[in-house]
Amino acid sequence: HSVPRHHKVDIASRTPPYHKLVTKLQEVRRVLGDSRQLTLAEKILYSHLQNPEESLLSNTNNGKDIRGKANLKLKPDRVAMQDASAQMALLQFMSCGLPSTAVPASIHCDHMIVGEKGADTDLPNSIAGNKEVFDFLESAAKKYGIEFWPPGAGIIHQSVLENYSAPGLMMLGTDSHTPNAGGLGAIAIGVGGADAVDALVDAPWELKAPKILGVKLEGELSGWASPKDVILSLAGQLTVRGGTGFIIEYFGPGVKSLSCTGMATICNMGAEVGATTSLFPFSPAHVPYLEATHRGPIAQAAQDVAALPMSQNLLRADPEAVYDQVITINLSSLEPHINGPFTPDLSTPLSKFKSVVEEKGWPTTFGAGLIGSCTNSSYEDMTRSEDVVKQASAAGLKPKADFIITPGSEQIRATLDRDHTLDTFSSAGGTVLANACGPCIGQWNRTDGPPKGESNAIFTSYNRNFPGRNDGNRSTMNFLASPELITAMAYSGYTTFNPMTDSIPTPSGKPFKFSPPRGSDLPSAGFAEGNPEFLPTPGVPDPSVEVKIDPKSTRLAKLDPFPPFPNSELNGLRVLYKVKGQCTTDTISAAGPWLKYKGHLPNISENTLIGAVNAATDEVNVAYDVDGSKTTIPDLAKRWRDEGHEWLVVAEHNYGEGSAREHAALQPRYLGGRIILAKSFARIHETNLKKQGIVPLTFVNESDYDLINACDEVSTKGLLDTLRSGGKGEVELVVKGKDGREHTVKTKHTLSEDQCGFVLAGSALNLLARAGREMQEE
Ligand code: F3S
């Protein structure tokens with residue numbers, strides 16, 4: 001890399017604006033009344049409101065029932081992006097025409113690196129294969145003053161914990177495991193690229209005020225139980241939907257026994273229960289961690305804030321704060337857990353695992369144990385695993401399963417290297433992969449794995465275990481557990497092995513039994529610097545840099561602004577497709593092989609709705625033109641767009657569920673979509689549609705779904721007035737069927753005043769760009 005890397009930590013840009021936040025907190029208290037008790041999550045979140053009075057009194061009974069009701073307009077302190085999602089975020093940011101980002105931001109190249117033979121060969125291969133994308137990200141980062149962490153520097157959440165997270169901070173990240181930073185007391189929320197752009201251009205970011213789930217920790221972890229087991233067991237209790245709409249706030253006497261990185265593991269996997277985010281209070285373990293990661297002044301500043309009287313105390317929950325729900329976990333009696341296969345909430349205590357394996361007929365052996373990733377590659381995790389390896393090596397044992405280690409960052413890798421932990425792993429036969437996502441995101445060339453379709457098992461210390469996620473084989477059962485437990489089990493090779501009770505025969509014939517693992521939270525000699533090539537570029541904008549996009553590229557394309565709403569109703573729209581049943585963001589914009597086109601809207605649009613079932617014929621991705629000719633959905637959409645016919649889609653319930661993927665809204669808009677008419681919408685996708693200038697409408701009478709068909713002609717009535725009046729008004733659709741007969745469909749909408757502005761301007765981005773231009777002219 002030609003760009004100079006900087007060693008010096010920019011403390012100023014990394015310290016949360018405590019003074020401003022404490023002042024805002026007092027404003028929040030004024031709005032809500034001094035007697036109102038707040039949880040920690042509420043304090044941090046509400047202190048980041050643009051205008052506390054406007055947000056906290058909106059939609060609420062004079063501020064009494066904020067949670068679940070109020071529309072919070074927030075001003076986050078920072079943004080982090082990973083390489084896959086950063087592409088569209090940056091392309092959108094660029095079209096606003098601003099010279100630099102409004103808040104500090106960072107880009108982390110981690111998702112596009114394949115794990116196969118080990119870091120030394122994998123990294124150069126992946127860099128070569130993705131060069132144009134990395135060059136684009138790096139040049140844009142330099143131009144706009146974003147810190148750029150090159151491929152090999154580490155996984156976004158580990159790098160964020162080591163460098164950016166801090167008690168009381170609020171940040172957005174374009175990745176679902178962004179809440180990892182909550183381990184260091186930050187409110188960190190995973191979002192789509194368009195949301196990140198809000199923060200990057202200084203527009204308020206909107207969030208429905210979450211409810212607060214309190215998790216009270218009692219006792220102390222010991223033996224084989226680890227922080228991972230806290231969240232594995234909680235996931236079993238809550239299920240994958242149980243945290244939806246909640247922030248999980250940990251509290252209680254057990255907190256002080258946890259390491260900072262252990263708390264991060266717990267927050268990381270809050271994503272698996274659907275929580276908006278998770279966080280821990282400022283804790284004694286945060287101070288040495290901040291100091292060890294070169295942020296002593298931040299530790300001091302946080303301690304000062306935590307010592308303020310309660311009325312101004314941003315970093316502690318009020319003593320009488322009320323949670324919407326409380327779950328208590330006793331760490332002293334917590335058992336190690338194993339979750340899976342195929343879903344992170346299928347939770348089994350270790351002592352019962354053998355009988356469950358036998359009862360369910362799951363494989364009794366397993367092929368690979370993979371440890372590390374953004375979830376579990378701390379010094380504590382790795383030294384506890386090292387202890388397990390050392391015990392086994394001393395007994396003359398070798399792992400029976402493949403043993404694969406993914407360090408979360410260059411800092412942790414270099415430290416483990418210096419302290420000979422990696423040597424211990426390698427001499428035992430372990431493979432150390434690059435500091436990147438690798439097998440966790442399916443970037444795993446599993447050359448010696450079983451044939452596709454053959455049922456088999458692996459164990460990982462990662463966070464997700466959906467079918468096909470790791471090795472692309474949907475028959476691979478992925479079980480989640482702590483790294484130390486996986487390491488021990490790798491020596492047995494049996495899924496039924498319990499290292500707490502069972503022994504393994506050694507070459508000498510003597511049975512060997514593990515002792516509970518021991519490790520250290522932090523390296524006694526401090527963290528090693530690592531390879532300076534992996535340090536980030538400085539976060540200082542350089543307007544002379546040209547952003548690198550090859551006009552012939554198939555993977556990157558600049559965005560052209562969408563045209564504004566016409567000065568009339570929408571007339572002559574056609575129904576492109578009537579979807580039957582479930583329609584997730586995966587149905588609308590598939591992942592897998594399409595991921596490489598995330599930065600190229602025309603190319604990725606070729607996958608639009610290809611998973612959707614045709615309500616008339618039950619065919620998937622088969623659409624019919626007006627003359628009856630048969631084609632695919634993306635082809636018909638393009639044909640109509642090019643002929644000047646804009647279109648709408650008709651669908652059933654919960655349209656756009658599954659993720660915040662903005663491509664699912666961008667693509668239909670790019671192909672000429674104007675309206676989605678559904679029985680109901682997933683909330684985030686509904687917002688995303690409005691941001692891209694598509695109008696989401698729902699039926700007043702659901703049965704009208706049956707009266708509207710593909711190729712019908714549709715005109716709006718009342719839409720223009722509704723948009724111009726900031727959302728007041730009703731919209732009807734006049735539908736003309738094939739037989740020429742007309743009928744009217746009554747609809748509902750949830751357009752706010754701001755959102756009407758998005759649609760009129762053509763997209764939220766158009767509006768932001770206009771504001772940006774005005775700002776620069778001033
Ligand atoms: Fe990467 Fe897996 Fe974490 S994809 S960010 S290591 S969840």
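Mean pLDDT over the chain is 94, and 99% of its residues reach 70 or more. The model is predicted. For the complex, the predictor gives an ipTM of 0.98 and a pTM of 0.91. The chain is assigned three stretches: domain 1 (11–331), domain 2 (360–498) and domain 3 (573–777). The ligand lies between domain 1 and domain 2, because both give residues to the shell around it.

**Ligand and domains**

- The ligand is surrounded by 14 residues. The closest are S373, C374, C437, C440 and I441.
- By class, the shell around the ligand holds seven nonpolar, five polar and two charged residues.
- Domain 1 (11–331) and domain 2 (360–498) both contribute to that shell.
- The centres of domain 2 and domain 3, taken over C-alpha atoms, are 43 Å apart.

**S373, beside the ligand**

- S373 is among the residues closest to the ligand.
- Its place is the loop between strand 14 (368–372) and helix 15 (379–394).
- S373 has 30 other C-beta atoms within 10 Å, so it is buried. The cut-off for buried is 20 or more.
- The phi of S373 is positive, near 80 degrees, and the residue is not a glycine.

**Helix 18**

- Helix 18 spans residues 483–492, and ten of the ten are buried. The helix is therefore largely enclosed by the rest of the structure.
- The buried residues include P483, E484, T487, Y491 and S492.
- Strand 14, helix 15, strand 15 (402–406), strand 17 (456–460) and strand 19 (504–505) pack against the buried residues of helix 18.
- G493 follows helix 18 and has a positive phi, near 80 degrees.

**Helix 6**

- Within helix 6 (residues 119–129), A119, D122, L123 and S126 are buried. These residues cover an arc of only 95 degrees around the axis, so they sit on the same side of helix 6.
- The general rule is that an α-helix has 3.6 residues a turn, so residues three or four places apart point the same way.
- D120, T121 and A128 are exposed on the other side of helix 6.
- Strand 16 (431–432) is included in what covers the buried residues of helix 6.

- P167 sits in the loop between helix 8 (156–163) and strand 5 (170–173).
- P167 counts as buried because it has 28 C-beta neighbours inside 10 Å.
- Beyond its neighbours within four places in sequence, P167 is in contact with L184, G185, A186, F282, H286, A302 and L315.
- One of these, L315, is 148 residues from P167 in sequence. In space the C-alpha atoms of P167 and L315 are 7.0 Å apart.

**Other backbone features**

- The peptide bond from G340 to P341 is cis, with omega near 5 degrees.
- P341 belongs to the loop between strand 12 (337–339) and strand 13 (347–349).
- N654 is not a glycine, yet its phi is positive, about 55 degrees.
- The loop between strand 25 (647–651) and helix 22 (663–670) holds N654.
- N654 counts as partly exposed because it has 17 C-beta neighbours inside 10 Å.

Methods
Residues numbered from 1 in each chain as written. Predicted model: local features only at pLDDT ≥ 70, side-chain atom pairs only at ≥ 80, totals over all residues. Near = placed C-beta within 6 Å. Nonpolar A, V, L, I, M, F, W, Y, C, P; charged D, E, K, R; others polar. Domains from an automatic or database assignment. Helix = DSSP H or I, 4+ residues; strand = E, 2+ residues; numbered from the N terminus. Buried ≥ 20, exposed ≤ 12 C-beta atoms within 10 Å, placed from the backbone. Contact = placed C-beta atoms within 7 Å. Arc of directions from axis to C-beta. pLDDT = per-residue confidence, 0-100.
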